Amino acid sequence: MTPAPRWLRAPSLVRAACLIGLLSLASTAAGVLFPYALPVVFAMSVGQGLGALAFVSYLLAIVAEVLHHELARRKLGGRSESETR
Amino acid sequence: MALPSSALAWVCLLCVVVSAAILVHHLVRSPPLGPRTKLVLALGLGLFPGLAATTGTVVGMQRTTEREFCGSCHVMGAHLRDAEDPASTSLAARHAHNPFFGEHNCYTCHADYSMIGYAITKINGLKHVYHYYLSGYRDQSLEEALQQIRLYQPYDNANCRQCHTGRGPLWRKVAEHVPLEAALDSNAVSCASAGCHGYAHPFSKAHQGAALDDGAASTERAP
């Protein structure tokens with residue numbers, strides 16, 4: 001099985017989630033501090049979309065990490081079985 | 001920039017700051033993805049941004065009902081100035097001076113009060129933003145805007161009747177009301193027309209020429 005590309009690994013996904021999350025937070029703060037049409041509409045549409053994307057990236061990172069550990073465990077398990085033979 | 005006056009807005013900003021601190025800390029330090037880091041990130045990417053989004057939405061929705069927000073686009077400048085002018089006797093200004101309407105006078109009179117009225121009002125608000133930024137209203141002078149901008153539909157008399165009964169003995173005492181009852185119910189005649197209680201925003205009618213002579217029902221038609 002080929003290893004996952006670098007950008008799909010947990011640390012990269014978490015870093016991406018943090019960056020996207022910061023953009024989302026900036027738009028939310030702008031919507032509150034600059035209460036005019038465009039910032040408010042932007043915060044409640046694009047901003048919240050980015051926030052959801054950041055959270056999904058974080059969840060993907062957790063899944064990727066769990067899968068990575070599971071694969072590593074199986075690999076180690078297979079090696080130890082062959083060693084015992 | 002305006003410092004928020006509502007407690008909810010401060011809660012939103014607090015959540016933003018806490019969340020941003022967690023995310024920046026993770027980006028700078030890059031700690032290993034252990035259980036503690038995962039939990040802290042769940043707070044920084046889930047709980048606090050969720051709270052910020054919820055409170056930010058409530059604050060934003062409340063803000064969109066304020067007169068200052070409606071007047072923040074220059075094409076509404078004349079409407080805003082008229083409503084805030086203590087010397088103005090236009091229907092809109094008289095309502096704006098009433099503390100029951102107060103800062104929310106645009107929304108109170110123009111909101112749709114049907115079952116899904118809130119959603120419809122907000123969708124129409126999004127249409128306004130679209131027209132302002134992408135459909136050319138932003139580049140129009142105030143004079144041009146006053147000539148062209150109309151309500152999407154004729155003004156609904158039911159909005160007047162939220163406060164004015166429109167059926168009581170005092171209302172019936174006015175000789176013109178009773179024969180117009182059916183026409184008022186169907187919005188064929190507007191309460192806010194020249195021959196009745198006067199235009200809500202009379203200065204805009206001067207720019208609309210024919211609309212003045214068009215009779216009561218033509219008050220602020222859709223484009």
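Is A:Glu70 buried, exposed or partly exposed, and what is its relative accessible area? The second legend answers this for a predicted model, in which local features need pLDDT of at least 70, side-chain atom pairs count only at pLDDT 80 or more, and totals for chains, interfaces and linings use all residues. Residues are numbered from 1 along each chain as its sequence is written, chains are lettered from A and ligands numbered from 1 in the order in which they are written, and side-chain values use heavy atoms, with hydrogens and water left out.

**View 1. The largest nonpolar core has 27 residues.** Such a core is a set of buried Ala, Val, Leu, Ile, Met, Phe, Trp, Tyr and Cys residues joined through side-chain atoms within 4.5 Å. Buried means under 20% relative accessible area, exposed over 50%, and partly exposed in between (1.4 Å probe, protein chains only). Residues with the most contacts inside the core include A:Val14, A:Tyr58 and B:Leu41. Helix 1 (10-33) and helix 2 (37-84) of chain A each supply at least two core residues, as do helix 1 (7-29) and helix 2 (35-63) of chain B. Helices are DSSP runs (H or I, at least four residues), numbered from the N terminus. Helix 1 of chain A gives the largest share, 10 residues.

**View 2. A:Arg74 and A:Glu70 form a salt bridge.** A salt bridge puts a side-chain nitrogen of Lys or Arg within 4 Å of a carboxyl oxygen of Asp or Glu. Here the N to O distance is 3.5 Å. The two residues sit 4 residues apart in helix 2 of chain A, so about one helical turn separates them. A:Glu70 is partly exposed, at 30% relative accessible area. A:Arg74 is exposed, at 56%.

**View 3. B:Asp185 pairs with B:Arg167 in a salt bridge.** Their closest N and O atoms are 2.7 Å apart. The pair links distant parts of the chain, 18 residues apart. B:Asp185 lies in helix 11 (residues 181-185) of chain B, and B:Arg167 in the loop between helix 9 (157-160) and helix 10 (169-173). Shared partners join B:Arg161, B:Arg167, B:Arg172, B:Glu181 and B:Asp185 into one salt-bridge network.

**View 4. B:Cys15 is in no disulfide.** A disulfide is a pair of cysteine sulfur atoms within 2.5 Å. The nearest cysteine sulfur to that of B:Cys15 belongs to B:Cys12, 6.9 Å away. B:Cys15 is buried, at 5% relative accessibility.
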